[in-house]
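I opened the model today to look up a few local features. The entries below are kept in the order of the looking.

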Amino acid sequence: MRRLRFILALAWRESRASRRRLLLFASAISLGVGALVAIGSFTENLEKGVRSQARQLLGADLELGSSRPFSRNVQAVLDSLTRAGARVARRTGFSSMAYVRRTEGIRLVDVRAVDPGFPFYGDVVTSPAGRWPALDTARVAIVDTSLLVALSARIGDTLEIGNAQFPIAGVVSEVPGHVTGGFNAFGTQVYIPFRDVPATRLIVFGSRVRHSALIKFLDPRDARRLINRERPLFDRERVARQTAEDTQREITGVLDDLSTFLQFVGLIALLLGGIGVASGVGAFVAGKIDTVAVLRCLGASRPLVFAVYLTQAAALGLIAATAGAGLGVATQLVLPRLLRGLLPADVRFTLEPDVILGGIGIGVAVAVLFALRPLLEVRLVSPLQALRRAFETAPARTARDPWRLVAAGALASGVLALCMYRNEDPAVGLGFAVAIGLSVGILALAARLAVAGARRLTRGPHARVRWPYVVRQGLANLHRPRNQTRSVVIALGFGVGLLAALYLIQANLMRFVRTSTAAVQGRPNLVFIDIQRDQEQGVTGLVRSAGAPVLQVVPIVPMRISAVNGRPKEDLLRDTSRAAPRSWTLRREYRSTYRDSSVSSERLVGGAWWHGRGEAASGMPYPVSVSTDLATDLKVGIGDAITWDVSGVTVETRVVALREVDWARFETNFFAVFSTAALERAPRSYVVLTRVDDAGTRARLQRAVSERFPNVTSFDVALLQRTVERILARVALAIRFMAALSLGTGALVLLGAVAAGRLERIREGALLKALGATRRQIERILLAEYVALGALAALVGIVLAIAGGWAFTHYVFELRFTVPAPAMVAVFGATAVLVAVVGMTASREVFRRTAMEVLRDV
Amino acid sequence: MLIANNLSKIYLSGGRPLTVLKEVSLAVESGGFLAVVGPSGCGKTTLLGLLAGLDVPSSGTVLLEGQDLGALSEDQRARLRGEKVGFVFQTFQLIPTLTAQENVQVPIELAGQRAGGPARGNGAPERAWELLARVGLDGREHHYPAQLSGGEQQRVAIARAFANEPKILFADEPTGNLDAATGGRIIELVVELNRELGTTLVLVTHDPDLAARAKTTLHLRDGSVVPAAAAS
Ligand SMILES: Nc1ncnc2c1ncn2[C@@H]1O[C@H](COP(=O)(O)OP(=O)(O)OP(=O)(O)O)[C@@H](O)[C@H]1O
Ligand SMILES: [Mg+2]
């Protein structure tokens, strides 16, 4: 006990001289803990928000939905619910063009026709206030604020949807029953009364309509009971059910990806902080050798000395982590603002004690674990060093010290535990830890090679280099005893690698959006869908008269799979073996087409196309081509038989061709392509693709088509691209925010690493001056050293980033990966410059002091 | 030639001015040998620093080899040191991360670099090797300072001091950290080189025997020059 008190007292007194400098290094930990706490709390807050708002998000206890009108049987169930006291509201959702004659504005909108009473939960906020009930009594529309902007319209204007006209009664900023923003909410919402849907005359064959019934039970638990009771009916009638809890799970699932990614970034920031502590402690220990030697001379034992400094490290970690937690809580106030528009629920700020305490604990652990190895050097200081200066640690250091192995083991398992922490999938955590270990290993190896290389270049018989003395001297600094090559290369390489990887991932995502959404010359950028058979000529005529090319006219036939190789779908769905098709392949509605060759976004990888119309003898199956991904999940290959239900008619097919489809391309892509003979008599609609470069012409063409064929929907792909880019920009902002945090940590790490050699440099600088070196010469020596260090670290970091970025893009996003070379060159240059600037700044004391110091041994 | 006129140095310590040197004047002719003696804290090191241009005086002038140090910039003074001045320090002051030979090479390379001469063509390694042999350290070229004894380190420092054949050599208690015998040999070496090359020698010492070998002796007390009689 007394001993402990003594250690604490000594640790406190001993830290007097260096507290401020130590805190600077520890602030790297603060940034890491800050990131972790901010992200952790934010995710918790968000989940809580989603949980408490799940019912409001759905607007009801249960939503039944179907792509076709509810059958009489389903209607009967709904009626019985109403009789039992539950409330039922109907809703129909479909896409349509909306047009305001006064401003000539036109826009694709998401029409939601709702019954009075909807929503049962949550409030609708309209402006002017209280306009929502108008839907119950009048033929009006209440629209999303953005629509008014897009159409330059105002409240009171008349909105034309199909054949009906709706005065705009107000705008909504918040409506339950749909997830605001989000990745898939591109459409602008327009609410109209349910009873006015027929007046639009938009519901025709092939139009994509979502029929819903929203139910509020007397007892919310009845939702589950109803689903369990009516499951056979709902399955048969293809009625989807969604409860409030389902909504919650769905949303949190989407958020999980984002938060996993952010958590990893936070984790890396923390590990960077750890490296910062390690190099800071290294610098600290280097400056303490004399003190330690004197303490040892005075009779302090090795364990005592070690305990004193370990106590300092732990205390430091505690202070830094607490400050970091504070920073994290503050950041948490900013994050929702950065991500606004992406979040489905309101995020209310609450303190999350678990996360905060956990973050502090992790911060202390990281500080101690990372400090352990450099601190071990304190143990190796012999009392002799009080008599003779330093350096003698060098041979001792390489000796096999079991404690070093223990420290390394503790560090490795600590990092592993950290990677597993809060990560549900242990494989991902393990993979991450391995990646980190590998990166550090590669960086250490690169540093070792650089040391060896510098030695060969500047010393010995092979040193043929005829570089100026200052450059040679600077490079020689890389390999001299007690050089900073290893610490700077690892710390900086890691930081640069992280930043560059984040950049690469983001750049590849952006490139994907751009190439997939028709920015490319000649690719279609305007799409008309839901064209009825008798409208095809009219639409293509309008396109041509606008001077635009008709790039493709694609027939679309809706269908479902009823059997595979003779086994009925119901049978296959019950089969849970691995050989059975995945259920999505059997449940979905396929929108297929017919033709006889590949299009530009696909590639034939197996079998062969049929010739001409692909007739089949009576009783024989028609040829069909499926995409490779469908083939994989449906467990079929060339020669397998698939039976389709095309609007009630059974069509037998045999797979004769496999296509690899680039779904990323914004084109009409199909899971299944039939021969003309197979589908030419089936009910179908058409898609027409064209390209119009001028935005005004594009809008006029859309309007002309919409006026003559109100049921035809058009997509302005350029507009879609901008929307996607806007959303990605928000994600990018969040990523950049985290990257900036890591950059701050990286700079601190760099400072710490550079500071390790600071004392040496100052002594040496004064001596060189006394021996006749000018300021310029000393500057150049330092510059050569730092530029070499920075270039090396940047190079290895970028290579690691490319590897990591590729892995992430390839395996997580499943996208093609390219390296934007100019950006990487810029990162390389910027890093070298940054290191030089930081290094020179940290060394500026060399120039401040006079050569006189050399006479007074400091 | 080294001439100092009314040198004063005032340090600000704790916000209050502390006069460390008071109007010190002296002159040493080329090839001369001056010993500076006095009790600890009297300002010997301070004076040496001013004479060598490591620091600037609060008032007074120093003429070193015909150059007025006060008229030179810090870099110009560094250049002058590199060409005409050698140093030997009490604590040796070798660069711990350079080998003996590399330490000796530093002034040669610094000067060669400045002269714009070929980086490697100035024969710096050969010259360093010669000098080390001259001070009896052949075979130890590739040792680091920590691998050398105090006396050996000081011999490396002397080799370094003579690397550019300086006109004047400053030494601040060069034997202060060595035993009497080793110190004696070090002084022999310095005096010998002084004679061989005609180098002017300015030596700070506590050692009366050593001071006795000098042509002239300057006695300092509390920052002022005092007559030899008063000093003893
Ligand atoms: N930077 C400084 N600030 C304030 N006072 C200083 C400074 N440098 C030296 N002094 C003071 O100047 C006085 C002379 O110091 P100096 O080192 O020249 O003495 P010295 O004669 O070399 O002593 P010693 O024989 O012990 O080496 C001392 O009293 C010292 O405290
Ligand atoms: Mg002195």
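Helices (H or I, at least four residues) and strands (E, at least two) are taken here as DSSP runs, numbered from the N terminus. I note that this is a predicted model, in which local features need pLDDT of at least 70 and side-chain atom pairs count only at pLDDT 80 or more, while totals for chains, interfaces and linings use all residues. Residues are numbered from 1 along each chain as its sequence is written, chains are lettered from A and ligands numbered from 1 in the order in which they are written, and side-chain values use heavy atoms, with hydrogens and water left out.

**Entry: confidence**

I checked pLDDT, the predictor's confidence in each residue from 0 to 100. Chain A has a mean of 80, and 83% of its residues reach 70 or more. In residues 179–185 of chain A the pLDDT is below 50, and this stretch has 13 contacts in the model beyond near neighbours in sequence; a contact means heavy atoms within 4.5 Å. Residues 388–398 of chain A are also below 50, with 20 such contacts. Where pLDDT is low, the predicted coordinates should not be read in detail.

I found Ser647(A) in the loop between β17 and β18 of chain A. The hairpin of these strands has 2 residues between them, and Ser647(A) takes a positive phi near 45°. Two strands are said to pair if DSSP finds at least two bridges between them. β17(A) and β18 (residues 649–661) are antiparallel and joined by 6 bridges; one pair of bridge partners is Asp645(A) and Thr650(A).

β17(A) is also antiparallel to β12 (residues 550–564) of chain A, with 4 bridges. There I noted Ile561(A) with Trp644(A) as its bridge partner.

Is β17(A) mostly covered or uncovered? It is mostly covered: of the 6 residues in 641–646, 5 are buried. Buried means under 20% relative accessible area, exposed over 50%, and partly exposed in between (1.4 Å probe, protein chains only). Ser647(A) has a relative accessible area of 45%, so I list Ser647(A) as partly exposed.

Ser647(A) touches Phe205(A), Pro558(A) and Pro683(A), leaving aside residues up to four places away in sequence. The C-alpha atoms of Ser647(A) and Met559(A) are separated by 6.4 Å, although the two are 88 residues apart along the chain.

**Entry: a sheet in chain B**

I traced an open sheet of 6 strands with mixed pairing, in the order β6-β7-β8-β3-β9-β10. Its edge strands are β6 (85–88) and β10 (224–226), each pairing on one side only. β6(B) and β7 (residues 168–172) run parallel with 4 bridges, and Val85(B) stands opposite Ile168(B).

Helix α1 (residues 44–51) of chain B packs on this sheet and touches β3, β7, β8 and β9. The direction of α1 makes about 155° with that of β7(B); axes are lines fitted to C-alpha atoms, for helices over the stretch in contact, and angles run from 0 to 180 degrees between N-to-C directions.

**Entry: cysteines and a glutamine**

Cys419(A) is buried at 1% relative accessibility, and Cys42(B) is buried at 2%.

Gln702(A) lies in helix α21 (residues 695–708) of chain A. Its relative accessible area is 7%, so Gln702(A) counts as buried. Beyond four places in sequence, Gln702(A) touches residues including Met97(A), Leu526(A) and Asp716(A).
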